[in-house]
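This briefing covers the ligand site first, then a handful of individual residues.

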Amino acid sequence: MAVLETLVIAFWAMLPAYVPNNAAVLAGGGRPIDGGRTWGDKRVLGDGKTWRGTAMGVAAGLALAAVLTVVEPTVSDSLGFDVPAFTPLAALGLAGGAMLGDILASFLKRRTGRQRGAMFPGLDQLDFVVVSLPLVALLDFGWFSTWFTLEVVLVVVVLTPILHVTTNMAAYKLELKNEPW
Ligand code: CTP
Ligand code: K
Ligand code: MG
């Protein structure tokens, strides 16, 4: 597979997992998922994981997957190679897995004594990949194995931290986010 083709497929296939975190930042607020509960002297998740942010994040990912699926034939035609159309389960795995990964990362951050907003290099950039890809494989293995070849997975692992750092830096500069990570 050509390098550019692999890059485009990796980016396209991951878009429904990339958007939820950014949508959650824009839509976040309101009741925290953990309801303010603590475990020991630390919060379970913290005020940065809210019901509204999570619901809007998943909804944004699903909506984007639907739009990409509608335009897929046209895009594939003009590119000269196929990009993925998303099955409902693949979309759910990507969007839901991204939010779940982010929530699990916050759980780990609180357990390790990090306050809300503290950085956790590595985890911050890849938490949603680590959960969304296995979840997609679990929900729709046919779709997963068609698109996530070893090459695509490798590109995702390299591309995701780069995109994560740049989008979060931009969101910070635009004063949408409190920290640049
Ligand atoms: N957000 C939300 N619900 C989520 C994820 C994010 O409401 N499930 C919103 C919150 O307003 C959060 C902001 O998006 O503060 C930034 O997200 P993130 O960086 O993931 O949260 P942090 O505030 O940094 O908290 P944590 O340390 O737990 O990651
Ligand atoms: K995060
Ligand atoms: Mg943060």
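Helices here are DSSP runs of H or I with at least four residues, numbered from the N terminus. By that numbering, T54 is found in helix α2. The model is predicted.

**Shell around ligand 1**

- There are 19 residues around ligand 1, and K49, T50, S106, R110 and R116 come nearest.
- By class, this shell has seven charged, nine polar and three nonpolar residues.
- Three helices, α1 (3–27), α2 (51–79) and α3 (88–111), each supply at least two residues of the shell.
- Helix α3 gives the largest share of the shell, four residues.

**Polar atoms facing ligand 1**

- T50 has a polar side-chain atom 2.5 Å from an oxygen atom of ligand 1.
- R116 also places a polar side-chain atom by an oxygen atom of ligand 1, at 2.7 Å.
- From G117 it is a polar backbone atom that lies 2.8 Å from an oxygen atom of ligand 1.

**T160, in helix α6**

- T160 has its place in helix α6, which spans residues 150–173.
- Its relative accessibility is 0%, so T160 counts as buried.
- The side chain of T160 makes a polar contact of 2.8 Å with the side chain of Y18.
- The T160 side chain also reaches the backbone oxygen of V156, at 2.6 Å.

**D124, in helix α4**

- D124 lies in helix α4, residues 123–139.
- D124 counts as buried because its relative accessibility is 7%, and the cut-off for buried is under 20%.
- The side chains of D124 and K109 are joined by a polar contact of 2.8 Å.
- A polar atom of the D124 side chain lies 2.7 Å from the backbone nitrogen of F120.

- T54 is buried, with a relative accessible area of 18%.
- P32 and T54 are 22 residues apart in sequence, and their C-alpha atoms are 9.9 Å apart in space.

- A170 has its place in helix α6.
- With a relative accessible area of 36%, A170 is partly exposed, since that class lies between the limits of 20% for buried and 50% for exposed.
- A170 and P180 are 10 residues apart in sequence and 7.9 Å apart in space, C-alpha to C-alpha.
- E175 is found in the segment after α6.
- The relative accessibility of E175 is 70%, so E175 counts as exposed.
- E175 is not a glycine, yet its phi is positive, at about 60 degrees.

**Points to check in the viewer**

- At ligand 1, look for the oxygen atoms that lie 2.5 Å from the T50 side chain, 2.7 Å from the R116 side chain and 2.8 Å from the G117 backbone.
- In helix α6, follow the T160 side chain to the side chain of Y18 and to the backbone oxygen of V156.
- In helix α4, follow the D124 side chain to the side chain of K109 and to the backbone nitrogen of F120.
- In the segment after α6, look at the backbone of E175, where phi is positive.

Technical notes:
Residues numbered from 1 in each chain as written. Chains lettered and ligands numbered in written order. Predicted model: local features only at pLDDT ≥ 70, side-chain atom pairs only at ≥ 80, totals over all residues. Heavy atoms only, no water. Near = heavy atom within 4 Å. Polar contact = N/O pair within 3.5 Å; in protein donor to acceptor, adjacent residues only side chain to side chain. Nonpolar A, V, L, I, M, F, W, Y, C, P; charged D, E, K, R; others polar. Buried < 20%, exposed > 50% of the residue type's maximum accessible area, 1.4 Å probe, protein only.
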